[in-house]
Amino acid sequence: MQTKSILLLIGGALGLFVLGLLVPEWLSYLMIIAMGKGIVVLGVVLLMRAGLVSFGQGLYYCIGAYVAGTLTQFAGISDVLLILLASIAASVLVAALVGLLLCRYRGIFFAMFSMAFSMILYGLLVRSSVLGSTDGFNVLRPSLLGWVPSDDASSDLVLAVAVVMVMILGSLMWLYFRSLSGYAGEAVRENEIRVEYLGTSVFRIIYTKYLIAAALAGIGGTVTALVSGHVDPEMAYWTTSGEFVFIALMGGTSHVAAPMVGAGLFELLRTYAFAIAPYTWQMILGSTLLLIIIFLPSGLWSLVSRFSRQARG
Amino acid sequence: MTRHVGRAELSLCSLLRAFGAKVWDVVMTQLLAIIIDGVVYASWLFIIAAGLTLIYGVMRILNMAHGSFYAIGAYAGAGMVGWYFSTGSVPWLSFAVLIGAALIAGLFIGLLIERGLLRFMYGRNEVVMILVTYAILLILEDAIKLIWGVEPYFAYQPYSLLGRTKLAGLSFANYDFMLIVVSTLIGLALWYGLNRTRNGKLLRVVIHDREIAQALGINVSRIFTITFLIGAGLGALAGALTAPGLSVVPGIGIEVIVLAFAVVVIGGLGSVSGALVGALIVGLARAAAVHLYPEVELFVIYAVMGLVLAIRPQGLFAVASARKI
Amino acid sequence: MSALLETRNLERSFGAVTAAVDINVSINAGEVVGVIGSNGAGKTTFINMVTGYLKPSAGEILVDGRSIVGLQPRAVVRAGVGRSFQVAQLFPELSVLDNVLVALGLSVDRKLTLLRPLHSQKRRRKALEILAEYEIAGHADEVVATLPQGVRKLLDIAMAMLSSPRLMLLDEPTSGVAIEDKFALMETVMNRVRKSNAATLFVEHDMDVVQRYADRVLAFYDGRILADGTTAKVLSDPKVQELVVGHHLDIEVDSADAYESTVVPMEVRNA
């Protein structure tokens, strides 16, 4: 059973990697971006399952991206693994501080204050000329354990990193959602009083989730920065966080694959919308969001699970 | 000898005094600039925030689309003023055109959204309502682009029409002073409306406890519509009043909404007087940053907000709502 | 030897309203205490203070001689005081089994394991055993939101009992339960409580139930303790009969007490 699922995961990763190599370059690029964002949305979903909507995951997304940028551009460090570790460390560190304040809040307050915190970073970045102000700066090509890939192989390395990250983090989160900690989030969403009277700190549960979500957003930001080769303050702007919330709602919160599928659809939709009717992209987003809220409150994944349930009998 | 030393002392003293006076002058000028700029900025913020907080207080909807009302007001006002001046009519009437156009557009879109969509959603979770209004914001953003295009609009004429005033060596636009007056008038009107009129009192009952209000036979649905229209109107008005001072470009609504949130949160969600205090705090903090240390302009607003929240999580003037079973 | 629970001059006011004053109670291990009193007499306020939900305005609360004033509910629970609620506090969208599994994890294992699945054969079996003890195992796979009132009450008590409290406070265990089911429910609950050797305090409006199960009765009136003694003595007290027992029959819905036990967020969420 255990080995079977591990084999399945490795097979899935290989399949995804090969697919990324086979498809045209723009689609491969889009795939990696979608995986990066999907990882961020995994964290948004984690919080949503605990009843919290964060409009500020852009904060950690941006931190992850800027860590990648700063390390490659200014510190001469290009090793992917080091960059990822640094991103996680930076995101979790900031989240540990911000979370102390933020995790006391629920509902719209959590949503708005998380937004405000990401806007603080935005406000700082647009005015820091060292980091390129509003234009941001370029991220150099990554390396892996001393191997510096050529121009062509560089995007393959990022693709591999993205695929491995998605598979590892996806499996970990899959396990997590089934564990006591995972259920504790739902318990908090459903009834905080009961959780406290079971002798457990609600704050601690939420704080832990917030840190995990921050780490995921940091990783997602790093992946995005490495594939796009560029970072700018827009990543911390609240509309970026709004996108993550949108993807989370579109995919639904019931399965770890939902954020990935949601992110993929989102990027595909955006590409076509920009090509066909440039000024209607947000309108499409908004209308879709309304339709989802009204008709499909559990997200697109609920369709998948409904079908599979029907198929099973 | 002694006289000589005395003279030297004297000249040193006068030198110091002159230096002091100079520093004093600079500081006072700087301070004056900060206070006036801050209050002007606060006046503008208050008009936006008042509408946002009023809608939240009564309807429990934190309306993200408020930013769009602002943008629509700015576009409608600027567009009509541009057209008005091209006809070569009496320049002074342009103020009426500016405000009239914005109000009509704001009220129309407000009515459309409240009657056409929001009223079917009442009673839903507050977070869901944020998402709904976020969706509306996205839709309106593109609707604005489709109607007014993406080129900037300028409606500088009303701004320059009023001229400038010199104050302690600094030059201020009279239009900005007018903004302070208008904002004060709006504040007074809101205060009077809420505290001295029958409808205002009904509104406060709804703010305090919606269920009791319903039980008392108050037509809550009508009050919601009216509140939403007032809020939308205020948002559009704020847009129109800012339009002459800057170029109206896509995205201004998205920028403004987070600022308005900060103001409203500092003052306490749902409190109009809180919005006033929040606007003054944010306005002055920003003006101080702009004059003294421009790098932190945006940062300072949210830092103040974070500070207030760390000390007083419910905001400075949170409206007490009835405890429910 | 100090009492299990002791309160000294406990007091609580909400603004100008004094909900409880001069509450001096001492409960020893193994005691079963019935609490009676009309609505707003201060019963739930008392329980809320003892379990850390409300901070007393004045006075002292000692568990095993150790002060628990100012502790959060979770710390009070860990100190050995459990409680059930007038309105059952459950996880409505989870199944009955999942409610117990989560409660077991949070109150007994207390380790927030990250990757080990919550559902294991062993844990499932244990949860089902617990449900069987409260005679609600048949509802295991039902979603809580669809449960009848009596089952909810039992589940609420079962979850509170998981941490093996030495003092169990039952806030109206039979409210909302049909008259003919009250004794059956109390029988199940008291069986479990007796087996666990916990001292018990239960709030009850039905004097028949009080007489049957309580060794001792506390009568609350107007925020004070009107009488405290053996069940027979307190219930036969003319003052108690006039002010407390006479009252309860008239008023069924407990609006004032419900107000006290209002489920407000632990911290500011929607100010």
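Tutor: A polar contact is a pair of N or O atoms within 3.5 Å, where, within protein, one must be able to donate a hydrogen and the other to accept it. The model above is a predicted one, and with that in mind we can read the boundary between two of its chains.

Student: How many residue pairs are in polar contact between chain B and chain A?

Tutor: Counting pairs in which both residues have pLDDT 80 or more, there are four residue pairs in polar contact between chain B and chain A. On the side of chain B that touches chain A, at least two residues each come from α4 (126-148), α10 (252-267) and α12 (297-311) of chain B, and α4(B) supplies the largest share, 16 residues.

Student: What kinds of residue make up the side of chain B that touches chain A?

Tutor: That side of chain B consists of 33 nonpolar residues, one polar residue and eight charged residues. The area buried between chain B and chain A is about 3,700 Å², with carbon and sulfur atoms giving 79% of it, and 42 residues of chain B are in contact with 39 residues of chain A.

Student: How many salt bridges are counted between chain B and chain A, and how many over all chains?

Tutor: A salt bridge asks for a side-chain nitrogen of Lys or Arg within 4 Å of a carboxyl oxygen of Asp or Glu. By this rule the count between chain B and chain A is zero, whereas over all chains the count comes to 19. One of these joins A:Glu196 to C:Arg74, with the closest N and O atoms 2.9 Å apart. This pair crosses between chains, from helix α8 (residues 192-197) of chain A, which holds A:Glu196, to helix α2 (residues 73-78) of chain C, which holds C:Arg74.

Student: Which residues lie nearest the centre of the second largest pocket?

Tutor: As a general idea, rolling a probe the size of a water molecule over the atoms shows where empty space is left. Here the second largest pocket holds about 1,200 Å³ of space and is lined by 32 residues, of which A:Leu9, A:Met167, A:Gly170, A:Ser171 and A:Val256 lie nearest its centre. Two or more lining residues come from each of α1 (2-22), α2 (25-49), α6 (151-178) and α11 (257-276) of chain A, and the lining divides into 25 nonpolar, six polar and one charged.

Student: Where is C:Ile225 found, and which residues is C:Ile225 in contact with, leaving aside neighbours within four places in sequence?

Tutor: C:Ile225 belongs to strand β10 (residues 224-230) of chain C. With those neighbours left aside, C:Ile225 is in contact with C:Ile23, C:Asn24, C:Val25, C:Leu218, C:Ala219 and C:Phe220.

Terms used. Residues numbered from 1 in each chain as written. Chains lettered and ligands numbered in written order. Predicted model: local features only at pLDDT ≥ 70, side-chain atom pairs only at ≥ 80, totals over all residues. Heavy atoms only, no water. Contact = heavy atoms within 4.5 Å. Buried area = accessible area lost by both parts, 1.4 Å probe. Polar contact = N/O pair within 3.5 Å; in protein donor to acceptor, adjacent residues only side chain to side chain. Helix = DSSP H or I, 4+ residues; strand = E, 2+ residues; numbered from the N terminus. Nonpolar A, V, L, I, M, F, W, Y, C, P; charged D, E, K, R; others polar. 1 Å grid on protein atoms, 1.4 Å probe; cavity = no way out; pocket = protein on both sides within 12 Å on 5 of 7 lines; lining within 4 Å. Points joined across faces, edges and corners; volume = space filled by probe spheres on them.
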